[in-house]
Amino acid sequence: VKPENESEDFTFLKYYQKDGLPNDVIYGILEDGKGNLWISTNKGLCRMSFEGDKINFRNYYTEDGLQSDEFDQNSFSKSDDGKMYFGGINGFNVFHPDSISDNRFIPPIVITDFKIMNHSVSIGDDTEDAVHCNRSTSFRLDKSITETDTIILSYKDDVISFEFAALNFTVPERNRYAYLMEGFDTEWIYSGSRRFVTYTNLDAGEYRFKVKGSNNDGIWNEEGISIYLIVNPPPWATWWAYTIYAMLIFVGGLLFVPKREKAVKQEMEMTLRIDKAKAEEREAVRKKTSQDFHDEAGNKLTKIRLFTTLAKKETEEETTLNKYLSEIEANTSELSNGMRDFLWVLDAGKDTLFDMISRLEEFGNSMFEYSDTNFKVLYVKDEIDKINLPMEARRTLILIFKEAMNNCLKYSNAGNVTLEIEFQNDMLGLTLTDDGKGFDCEKEKKGYGLKNMIARAESVNGKLDISSEIDDGTKITFKGNITQMGN
């Protein structure tokens, strides 16, 4: 390549067989009057032409008139009149470059044969050929395949073939072909000089088989030719077969669904009966256990309290011993009260929110009865009467608010104490308020008592909020979703 600036170096470009040359062994190069290079090689003659930045290679072989595809070194020359001479192993070729022209003929494309199971399909009705086609009935073309525009096939025709040709008779062995089965192939398939194609197991449906080709000089007939192909489905895959299937499924559903629904209903009823029996058995065990425990433990605790009282009378002068006996009596009383709460929680007949509130109301009334504090409970019975609470939730809430009321009595000096219950959309709220002297909330929350109450609330997926100010009373609020307050 000659540079624009004469002071710069020339650039050399290399071309090989992969770029378009007929062979990588070059014997001679001659330039014609149009700037084309004619190159003799070990496998043909090449014309290398230039169109701007594009380089074209046109190769010639023995079928184009060469004495041989193999030329000799130092055997090439150009005469004054522009003729070129290239010598080879079988003589030499002489020609003028201006006399060499490409074949510009666009060849017609035709489909020359159609086969089923590798046997050509004939025109008309021929039983013997039908057997060769492996068909139970005769399959014939109404007219020649070159004039046929539509072929209708059975699902049994699972191996079909097409043969085709480009009607160019100048070096026809260099004609090239490409085909496409629309509906099956996704792009054109270039088959070189191969003039046939076979398809197997085409699904039922509609297709269009298309072929295009070129002449010996690579001039393509892009329009080509096509033929419409219909493959009928098997009887069990037709629309009327699917209609029958749908009807059978529908009838089967009418017969099966009620039977299945009945079986499922019976199974559900049996499961419910079993669950009910288990629940009744658990409740019976709970009731029996609580009664037995109440009778046995209550009897023993009563005797302990009795004997403690008698012992105190006998030891009135023994101050230390009398102190210990008082401690025993107090702890026994607390144990008795705690045991009653525990047995109350176990009682299967005390499962509602109303039962729990009644228990807290009873406890509050007995605690504040002989004090100067006015105690009251606010709630709407109809809202809580039939709301069941899990056993662990009932026990936890009783312990939290009994302790809260006990602290209120001991430390608040309140004139009024109110327990208010709210229930809406599964959310339960219990609030205990007093108008007592209050306390430093931040300081007291670090104590064990309040931390223990907060931990109890969290154990049943609830939240306990405690707020208090000096001389402004105290407010303790529990909130929780009863659907999440599991056993």
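1. A residue is called buried when its relative accessible area is under 20%, exposed when that area is over 50%, and partly exposed in between. This cut-off is needed for Thr 198, whose relative accessibility is 39%, so Thr 198 counts as partly exposed. The model discussed in this note is a predicted one.

2. Thr 198 belongs to strand β14. Its neighbours across the fold are Val 159, Ile 160 and Ser 161, which Thr 198 touches when residues up to four places away in sequence are not counted. Thr 198 and Ile 160 are 38 residues apart along the chain, yet 5.7 Å separates their C-alpha atoms.

3. Strand β11, residues 159-166, runs antiparallel to β14, and five bridges join the two. Within this pair, Thr 200 of β14 is the residue opposite Val 159.

4. Strands β11 and β14 are part of an open sheet of four strands, ordered β9-β8-β11-β14 and paired in the antiparallel sense. At its edges are β9 (119-120) and β14 (196-200), each of which pairs on one side only.

5. The loop that links β8 (109-116) to β9 contains Asn 118. The phi angle of Asn 118 is near 65°, which is a positive value in a residue other than glycine. For comparison, most residues other than glycine have a negative phi. Is Asn 118 buried or exposed? Its relative accessibility is 55%, and therefore Asn 118 counts as exposed.

6. Asp 426 is not a glycine, but its phi is positive, at about 70°. Asp 426 sits in the loop between β18 (416-424) and β19 (427-434). Because its relative accessibility is 34%, Asp 426 counts as partly exposed.

7. Another open sheet has five strands in the order β10-β16-β15-β12-β13, and its pairing is mixed. The edge strands of this sheet are β10 (150-153) and β13 (189-192), each pairing on one side only. From one strand to the next, the twist averages 25°.

8. With β10, by contrast, β16 runs parallel, and four bridges join the two strands. Thr 150 is bridged to Tyr 228 in β16.

9. Which residues form the covered face of β10, and which the uncovered one? Ile 151 and Leu 153 make up the covered face, whereas Thr 150 and Ile 152 make up the uncovered face.

10. Helix α4 (residues 353-368) packs against helix α6 (residues 391-412) at an angle of about 20°, and their axes are 10 Å apart. The angle is under 35 degrees, so α4 is roughly parallel to α6. The crossing of α4 past α6 is right-handed. Among the residues making the contact are Met 356, Leu 360 and Phe 363 of α4, together with Leu 397, Ile 398 and Phe 401 of α6. Sorted by class, the contact of α4 with α6 holds eleven nonpolar, two polar and three charged residues.

How values were computed
Residues numbered from 1 in each chain as written. Predicted model: local features only at pLDDT ≥ 70, side-chain atom pairs only at ≥ 80, totals over all residues. Heavy atoms only, no water. Pairing = 2+ DSSP bridges. Axes fitted to C-alpha atoms, helices over the stretch in contact; angles between N-to-C directions. Parallel < 35°, antiparallel > 145°, perpendicular 65-115°, else oblique. Left-handed = near helix turned anticlockwise from the far one by under 90°. Contact = heavy atoms within 4.5 Å. Nonpolar A, V, L, I, M, F, W, Y, C, P; charged D, E, K, R; others polar. Buried < 20%, exposed > 50% of the residue type's maximum accessible area, 1.4 Å probe, protein only.
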